[in-house]
2 protein chains.
Amino acid sequence: MTESPTPKMLQDAFLPRNTRRSLPIALLRAREAVMSHFRPMLSTHDITEQQWRVIRILAEQETVDASEMADKAFILAPSLTRIIRSLEERGIIAKLKDENDGRRVLLKITPAGMAIINEVAPESRMIYDRLEKHFGREKLDLLLDLLDEVSTFNEES
Amino acid sequence: MTESPTPKMLQDAFLPRNTRRSLPIALLRAREAVMSHFRPMLSTHDITEQQWRVIRILAEQETVDASEMADKAFILAPSLTRIIRSLEERGIIAKLKDENDGRRVLLKITPAGMAIINEVAPESRMIYDRLEKHFGREKLDLLLDLLDEVSTFNEES
DNA sequence: TCCATTTTGTTAACATGTTAATTACAAGAC
DNA sequence: GTCTTGTAATTAACATGTTAACAAAATGGA
């Protein structure tokens, strides 16, 4: 862990920021630390993190079209297409047609999907509660607020 | 429980957390917001975000073995293997043998790689400075500290 | 020395991320 | 109506994420 004395190579002004204080990598590390607690649990139920995001949104809202799902689950359309195909083949969700708009794909959860939710949700909640207890609600809320603010960096500058 | 028609689907206690206050997704959103500023720039230089992480670490440190690189760039070994192969084929980095340990792969940047660093680093720095100016150093440091703390959630509980 | 164990890196297989191109349908302008 | 334009979803192609299995080299005893 020697903070190396920076071989010549580049002027300081042109040196990339230190890896450990780089926001993109810090976000990645934090995310991985959190997910490492959820992934093994999800794995025992044979679903991925992204699949779980899709399923759980269908637990909040009866019917969701693909675009809205992509927004809420934060999954790009091409990935979502594949995930939907996979979940449908496994009988976890169903695709419906929107009578008013022939382009849209409506998604609905099946009883098999509901069974997964009923199994996974309590376990997921337990893990999250442990995390919340560890950091404290206030600190977690502060972090979430800061992250929200970063997420809006797009529209402004 | 097998009898209830579950019209509103799930009891509140078993409902997954709201998507917008879910830490994993919040981290994902924030990361994407930040990267959306860097990706187009990197793209004009024909490198990906991960390739840039590898290259820039070789700008800080003359020679790095694959394991250390995986740690610092936060890239899993299988991904790193592919990235190294690609960067080597393009003449951006070079692989050396470790005389003391035949298993290790040492990485070194080439002049072509240095040229990329000299082009990209200032642009990257500019983008980061704009971000830092937008949020303020203190707020950014606070965020980085919180993220660091989350990243250590592993070893404890 | 010999052998079991550990470590490092690679390969394989599948899932997702990412951008660009494409198809199917919808909405407006004319 | 026809044409153009815009939107929703898919497909294609490539890069990376993720886990498991594996080969090669090092290590630490017996």
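Modeller: Chain A holds an open sheet of 3 strands in the order 1-3-2, with antiparallel pairing. Strands pair here if DSSP finds at least two bridges between them. Helices (H or I, at least four residues) and strands (E, at least two) are DSSP runs, numbered from the N terminus. Strand 1 (63–65) and strand 2 (93–97) of chain A stand at the edges. Each has a single partner strand, so one side of each is left without a neighbour in the sheet. Neighbouring strands of this sheet are turned by 35 degrees against each other on average, direction ignored. Axes are lines fitted to C-alpha atoms, for helices over the stretch in contact; angles run from 0 to 180 degrees between N-to-C directions.

A word on the source. This is a predicted model: local features need pLDDT of at least 70, side-chain atom pairs count only at pLDDT 80 or more, and totals for chains, interfaces and linings use all residues. Residues are numbered from 1 along each chain as its sequence is written, while chains are lettered from A and ligands numbered from 1 in the order in which they are written.

Back to the sheet of chain A. Strand 2 is joined to strand 3 (residues 105–109) by 5 bridges, and the two run antiparallel. Helix 2 (residues 49–60) of chain A lies across strand 1, strand 2 and strand 3 of chain A. This helix runs at about 85 degrees to strand 3 of chain A. Contact means C-beta atoms, placed from the backbone, within 7 Å.

Now chain B. Its 3 strands form an open sheet in the order 1-3-2, and the pairing is antiparallel. The edge strands are strand 1 (63–65) and strand 2 (93–97) of chain B, each pairing on one side only. In chain B, 3 bridges join strand 1 to strand 3 (residues 105–109). Val64(B) stands opposite Leu107(B) in strand 3 of chain B. Helix 4 of chain B packs on the sheet, touching strand 2 and strand 3 of chain B. Helix 2 of chain B lies across strand 1, strand 2 and strand 3 of chain B.

Some of these helices also reach DNA strand D. Helix 3 (66–73) and helix 4 of chain A, with helix 2 (49–60) and helix 4 (77–89) of chain B, each supply at least two residues of the surface near it. Near means a C-beta atom, placed from the backbone, within 6 Å. Helix 4 of chain B gives the most, with 5 residues. Of the 24 residues around DNA strand D, Ser67(A), Ala77(A), Pro78(A), Ser79(B) and Gly102(B) come nearest.

Last, helix 6. Arg137(B) is placed in helix 6 of chain B. Arg137(B) counts as exposed because it has 9 C-beta neighbours inside 10 Å. The scale is buried at 20 or more other C-beta atoms within 10 Å, exposed at 12 or fewer, and partly exposed in between, with C-beta atoms placed from the backbone. Arg137(B) and Ile84(B) are 53 residues apart in sequence and 34 Å apart in space, C-alpha to C-alpha.

How values were computed
Two residues are in contact if their C-beta atoms, placed from the backbone, lie within 7 Å.
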